[in-house]
Amino acid sequence: KQRGFADESQLVQFENVRTRPEVRDAYLAMRNEMLNEGIRLHFVSGYRSSTAQRDIFTDKMKLSDPSVILDGSYDEVLDTVLAVSAIPGYSKHHSGYTVDFGCGNDYLVYTFAETECFEWMSQNNFERTKKHGFIPSYPEGVSNQGPDPEPWEFVWVGIENLK
């Protein structure tokens with residue numbers, strides 16, 4: 001699904017991540033609650049422009065000759081990249097409501113689901129993250145939503161939308 005873009009003038013910079021102020025505030029409350037239990041959650045990524053998303057996507061493709069896309073010889077690589085990364089214009093990160101989290105000293109790790117952060121966040125069907133307005137972006141067991149499940153990625157939808 002093509003995504004809308006945040007008005008960049010309304011974004012704030014926090015922990016080297018650009019996001020919406022309400023997302024930052026919800027993250028801070030959740031992060032502080034986790035810190036009280038000795039668990040360190042941190043921002044890894046937030047808002048992305050289409051240019052930033054294009055750079056991520058093309059870096060993963062490691063493409064030197066674009067003609068291989070047209071002749072079909074790069075289809076397998078393209079399918080692999082599409083399983084883990086949205087094309088520019090289709091990333092939830094464009095909205096400014098989506099964030100990637102890291103745990104402890106780790107940044108964007110494919111093993112986030114194995115961390116104490118994810119364990120804390122996912123208890124009781126993500127009850128604690130929902131209390132702060134966050135839901136998992138691509139939950140396990142859901143298909144055709146975008147990239148394969150990304151346990152580190154959450155979307156802030158607001159507490160009032162989760163009641």
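The side chains of Arg 48 and Gln 53 are joined by a polar contact of 3.0 Å. Arg 48 also reaches Asp 100: their side chains form a polar contact of 3.1 Å. This is a predicted model. The protein it shows has 163 residues, with 5 helices and 6 strands.

**Around Arg 48**
- Arg 48 sits in a loop, with β3 (41-45) on one side and α2 (50-61) on the other.
- Its relative accessible area is 14%, so Arg 48 counts as buried, the cut-off being under 20%.
- Leaving aside residues up to four places away in sequence, Arg 48 touches Phe 5, Gln 53, Ile 56, Ser 91, His 93, His 94 and Asp 100.
- Two of these neighbours are the polar partners already named, Gln 53 and Asp 100.

**Fold**
- Along the sequence, the elements run β-β-α-β-α-α-α-β-α-β-β.
- Take the contacts between residues at least 6 apart in sequence: 69% of them join residues at least 24 apart.

**Size and packing**
- Along the principal axes, the C-alpha atoms fill a box of roughly 55 × 35 × 30 Å.
- Buried residues make up 40% of the 163.

**Surface and charge**
- The accessible surface is about 9,100 Å². Carbon and sulfur atoms account for 48% of that surface.
- The protein carries 16 positive and 25 negative side chains. The centres of these two sets are 7 Å apart.

Key: Residues are numbered from 1 along each chain as its sequence is written. This is a predicted model: local features need pLDDT of at least 70, side-chain atom pairs count only at pLDDT 80 or more; totals for chains, interfaces and linings use all residues. Side-chain values use heavy atoms; hydrogens and water are left out. Helices (H or I, at least four residues) and strands (E, at least two) are DSSP runs, numbered from the N terminus. Buried means under 20% relative accessible area, exposed over 50%, partly exposed in between (1.4 Å probe, protein chains only). Contact means heavy atoms within 4.5 Å. Accessible areas come from the Shrake-Rupley method with a 1.4 Å probe; for residues, only the protein chains shown count as cover. Lys and Arg count as positive and Asp and Glu as negative; His and the chain ends are not counted. The place of a charge is taken as NZ of Lys, CZ of Arg, CG of Asp or CD of Glu. A polar contact is a pair of N or O atoms within 3.5 Å; within protein, one must be able to donate a hydrogen and the other to accept it, and residues adjacent in sequence count only if both atoms are side-chain atoms.
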